[in-house]
Structure formats: C-alpha cells, structure tokens
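Visitor: I'd like a close look at one part of this model, please. Could you take me through the sheet and what sits against it?

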Amino acid sequence: MLTFSYNHFHHILTITKIFVWWGGVCPYVVPMRARVCMCCQTEQQMGTAVASQMADPNREDEQVTLLGEEGLRAGGQALKLGYSARLLIWGSKLLKKTESKFEPEKVGNYYFRFVAGVILRERIPAFERMLWRACRGNVFLRQAEIETPLEDPSTGDQVHKSVFIIFFQGDQLKSRVRKICEGFRATLYPCPEAPSQRREMAMGVMTRIEDLNTVLGQTQDHRHRVLVAAAKNIKNWFIKVVKIKAIYHTLNLFNLDVTQKCLIAECWVPLLDIETIQLALRRGTERSGSSVPPILNRMDTFEDPPTYNRTNKFTSAFQNLVDAYGIASYREINPTPYTIISFPFLFAVMFGDLGHGCLMFLFAGFLVLREKPLAAKKTDNEVWNIFFAGRYIILLMGLFSMYTGFIYNDIFSKSLNLFGSHWHTNYNESTVMSNKDLQINPSLSSDYDQVPYPVGLDPVWQLALNKIVFLNAYKMKISIIIGVLHMLSGVSLSLYNYRYFKDRLSIYCDFIPQVIFLTFLFFYMVLLMFIKWVSYGPQNDFPDSPACAPSILITFINMVLFKDAVALENCNTVYMFSGQGALQKFLVIVALLCVPIMLLAKPIYIMRQQKEKHVQLVNGHATTENGDAEGAGRVVQQPPPPAGGHDENEIGELFIHQGIHTIEYVLGSVSHTASYLRLWALSLAHAQLSEVLWSMVMTKGLILNSWIGGVWLWFVFGFWAILTVGILVLMEGLSAFLHTLRLHWVEFQSKFYKGLGYAFAPFSFEVILNTASTAVEE
C-alpha cells in the first residue's frame, strides 16, 4: 500500500514540475477571464519572452524526460488551446512588474491554487466534462498517463491510472473540485506550492521508494528461505494434518456417556483382531495417563455385517476381479481362492504358446522384482497402473500359458522335438519330395511306436496337412470337458453356502436337482468322450475302429430327443457299450423330472408352512375366546392375523423368483456349456494368427543367403517382433483376458455367488493418505 501511494506521489511531483514550469517566470497571474489591452510593443516583448522559454533546450529535455513523448504531445495540445490567454496574462503581469515594481505579496488575490492526484484512466473524459460544467470553465486541468500498470492493493488486479493537476482560484472552486474528485474516486495527494519544497518532497519520496524496494527485496529473500525450509517438512506436515483431521473426524462420531467422562462408539471389528484392538486401547490408555480403562464389548445387532476378506499383495488383484462382480454377502463363500488357479488356467487354454507366455512372464517378473521402486514412483498413467496392480495375475497367466504352450507343443507357431517323434516314415526321399499327400498308418508299428508322446503333442503334427482337423477335434472336446467340470465345481460350492446358512430346503430343492440335471446330461457327455478315446483305437478291427466311432454331438442330440441313431455302414451298432440306449433314456427322464422339482418344490413347501402357522394362530385365538378359568380375568392381546393379500403377494413373488431361477439354470446349462467353446475358438485363432505372422513376415527374412540377408533379416525380425508383441501378446492377451473374466462371472460365479453385500471399510491411515494425496493432485 505504501509503495502504491509513493509511486502515485512521485508521478504527481514529476508532472507538477512540468505543469507549473512557467511559475518560476511569472508566479502571480491574473484570472483567465481578464482582458488586458496592451500595445504592440508590449505584445512583441511578451512573445519574445515566451519564445525564449519555449526554445530552452534544457527545459524541453526536462519535459520529455519527466512527462514522456505522449504526455508532452497532450500537454502541448493543451498549451496551444490557451496560448493567447496565457500570453495576455503574462504580458499584463510583465507590464505591472515593470511599471509599478511589482511585489509578490501585494497581489495575493490573483494567486492560483492547485490540487494533484491520480484517477483511473477510463474515468478521465467524464472527469474533465464534470469539471468543466461544474466550475464553468474556471479551472485548468492537465493530465498525463502513467505508462506502467499499477497493482491495486485491495484486489491485486493490474490497473491503469493517470496523474492530473487542477488549477483554480478561490475557496469555492476548491470545494467543488474536491467534491468532484471524491465523486470520481480520485486519490488526492498533498503537493507543496513552492518549487523548492516540491523538489525536496520528490527527493524524499524517491528515498522512501528505494527504502521500500530494499525492504521488499529483503522480505522476498526471507520468504524464499522460509518456503525452502518449509518445503523440506511440508510432506510430514501434510501427513500429520491429515492424520489429526481423520482422528478428530472419527472422534466426532462418538457419543458421550451420562457422566460425560467417556466416549462410546459402535463399530464393526474383525473377529480375529479383537485382541489386537484391546492391546492397542490398553497401550493408548497407558501413554495418555488416563485413569479410566477402555472397555471393548461384543454386542448383538440385526444389521448385516460388512464383508472383509483378508488379502495381500498377491491375492488383492484376484479379489478385485471378484469384487468387480459384486461384494460377497457376509459369510458367503469367497470365489477368490479358486479364481487364483482357474482364471490363469482358462486364460492359458486360449493363449497357449510357450514363446508368448514367456514374454508375458518376463514382463510380469520384472514388475514383481522391481515392485518397491516402481510403487514409490507414483504416476497418473492409468494403463501403467492397471498393469502394475495386476502384475501377479499377469505372472500366473504367463506361467500357465507357458505350460499349455508346452502341452500344445507350440512356440511362435513352431514345435519342439524334445523327446523325438514317435511317428516314422518309410518312404524314400524322392517319394516324399515329389508327393505332398502321403499318409502314415498309426496301426502299423513301423509307422507309429504305439506309445504316445511323453508330454503334449507329437511335433510331427506341425508338418501334417490335417493338423487343423486334428487340433479342432482335440481342443473342442477339451473345452467341453473343462467347462462342465468348471460348472460342476461352481454348483458344488453352493452347498457350502446352504450348509453355513442352514438352508436345508435349498439343499433338497435346489442343489440336489441342479447337480443331477447337470451330471446326468452334460457330465455324461464328457464320459462319452473318454469312452470314445479309449474304446476306438487304430489297432482294433473294423467294427471297433475309429471309422465306426459315433459322433458325440449326434449321440447327445438323439439322447435328448429320444431318437434312435442309424448305424454306419459296415458297423455293428451306434452305441459305445451295451445298454447305452436304455441308460440314456433313464438319465434324460431323471434330468427332466428335476426341472419341476426346482420350479415348484420350494414355493409349495413354504406355502404349506405358512398355512400351518396361520391355522395354529387361529386355533390359539379361538381357544382364548372360549375362555378357561385362568384366562377369564386377563386381557390377552393377540397379534392381528396377516392380511391374505399380503401373503398371496409373497407367495406369488416366490413362484416368480423360483421360476426365473429354474429357467435361468436349465437354459443356462446349455448356453454356458456352449459358451466354453470360446476356449477352443480363441486357442485356434491364436495359433493360426501366430502361424500366419511367421509365414507372411518372418519367412521373408530368410530368402537371402549373403551378408545382405543378415541385415535384411535383422529388419524383418524387428518388424515381426513388433507385430508379435502388439497383436499376439497385447491384443490377443486382452481378448483372452476378457473372455476368461466372462467365464468366471457368468458361467462359474452365477452358480453359487450372489454378491449382494458391502465391503468393510476400516479406519486406515494408508487409505486416508492415498485419498488425500489423490485429491491434492487433482
């Protein structure tokens, strides 16, 4: 504020030197309205004197320096307008000084007064008009713009102002001028009338400004040092403030007891942590020196407790996948332990490649090994945070993909011949090179060792033309087997929920019919696959050879439709074992009988229970009305019987709910089984994309034999590596991840997991600090 005023004052003193420069020649003049007649000689003398003043180079330099070019031009224009009047006034004064030996004290009535100040630049035109109209032109206003914008101390905004000086005569005009200045919010500053006093004041103002600039500089340096020192401790202060705020916020939720000496609160506490909490309360009491010991009691409540699943850095990512579907109800079985194994395994079935799985495993291994320094480097990159949070999921997915790739004997669309192929060719080289359609008979010991490859697929299938046909049948059956077992495990887990919640009715009316339905139809189909693999071998005679093996899909359709299949030509029967037809009809009938049990058993049983309770209530009420001697003098208040409409609504809702649940399970068993075929489809697509990328890109780098071929191979390999990582690892990996997530949420968890609970949110400084730091960054 002081600097603001002193800068204004300095501008006023500077501009005053120019506005009253003629005061040193003629400090006492007559009013501007006076008319003075003078001879031509006097007028000529007066013009010469004015010209000499105006031609003084020092005076002109002083004007340019103090007022600036724009101010000088504005002032010069104003001087031109009143040039004749000033000449008359100055000539009259010179005549009086010459003729009567003029003394300054004798003409005090003609002394001009002035006020000086600053005003906003945009108010200058209106200010001039108001002065002219209110004072009837008896004032003389000079103004100049302050080029440097000034800072308003109240608002901090940059404002542009102008300095002005007003000449007038008499106290009445002085009052008017001051009132007008106040009305336009102009700031007036005292300015001495004597030039010597103005120079002294200007020097004093300059000295004060220099002192203030020195003080401001020192203050800024001191503030910088203080802020640098505070920056070293700001993080610790931030943590302390957030912790204290969180503690007081939690304490505000407590209630005072009647003595107002203790705080009472109700909260959820993990059962396994009660002893730890008691120890912490006891330690806090000892440190605070309190004489009142803390009391921690368990209490009963009708509210549903929150769900708290203990996790660590390894299981937290898998728990987040499950919680994204829904938070488990209290004491509901948690799918996470089973998901830790099944999720990366199903992903690997679709993503099976030893090379691609190794790349994924190495990336996740880097994140795991460097997790501490990487976790300390907090970043806002959402993609990186997702990868880092799921590093253990990626690690297991890569590891399982390496396993399934080893089983598929597939590494970047190539095979590994670790144990030697068990297939042999008896053709000579010329026959092999000239014929592409050569067959190897697995029934001959000379062509096949009659012993399967030790682990996974034989590498010879990589060269076979019927590779896709063989892998299609193999992977399709594997997908159905895995899917049925996965769904059966999900239905089996529902038994733990029913037993814990003591829901025996759901065990008999839901669990058992569901298991029977799924087992008698779809698990039976899985058994047929194994029977077909074992019973029909290449060494068997023609009726039992693979050519007479019935189709599993056709057999299952005929089984459900109660339709007899037609035997193939030269084959004895369409069945794989004796009594298969009768067994299939029995299984289908039992499975179909489970549908009405799932649909009607539970609602009918609940309806009968409600009717029995209603009958007992009516009988008890009738006995009380007939009365006995003991109850004659008592007033027995019976609860009103429930309205029939309300019970009917509840039963109706139960029938609807059970019908939806039954239809969803029956139709879902079929659709979910077919949904697991995505394991086969994505696995085949991944293998074919890898093979196409090798044949279309990598083989192009192997066509040259000279040293140029090495350079060319280097570029081709880089392009192939980029496509492999970008398409086969990232894009295909993301696709397989999403399909695996769907299989767990829809096909697996829907069999036993409701996810209708809410998470336990304990008081945690770590969570509070992370939330506060995130809010500050945003």
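Guide: Happy to, and keep in mind that this is a predicted model. Start with strands β1 (residues 113-120) and β5 (residues 161-168): they run antiparallel and are joined by eight bridges.

Now zoom out to the whole sheet. Strands of a sheet pair through backbone hydrogen bonds, in either a parallel or an antiparallel way. Here the pairing is antiparallel, and the four strands form an open sheet in the order β2-β5-β1-β6. Which strands are at the edges? Those are β2 (140-145) and β6 (187-189), each of them pairing on one side only. Going from one strand to the next, the twist averages 25°.

What packs on this sheet? That's helix α5 (residues 124-135), which touches β1, β2 and β5. Compare directions and you'll find that α5 makes about 175° with β2.

For a helix-on-helix contrast, hop over to α10 (residues 336-351) and α21 (residues 678-696), whose axes come within 6 Å and cross at roughly 45°. On the α10 side, the contact is made by Leu346, Val349, Met350 and Phe351, while α21 brings Arg678, Leu679, Leu682, Ser683 and His686. Sort the residues of this contact by type and you get six nonpolar, two polar and one charged.

Definitions and conventions. Residues numbered from 1 in each chain as written. Predicted model: local features only at pLDDT ≥ 70, side-chain atom pairs only at ≥ 80, totals over all residues. Heavy atoms only, no water. Axes fitted to C-alpha atoms, helices over the stretch in contact; angles between N-to-C directions. Helix = DSSP H or I, 4+ residues; strand = E, 2+ residues; numbered from the N terminus. Contact = heavy atoms within 4.5 Å. Nonpolar A, V, L, I, M, F, W, Y, C, P; charged D, E, K, R; others polar. Pairing = 2+ DSSP bridges.
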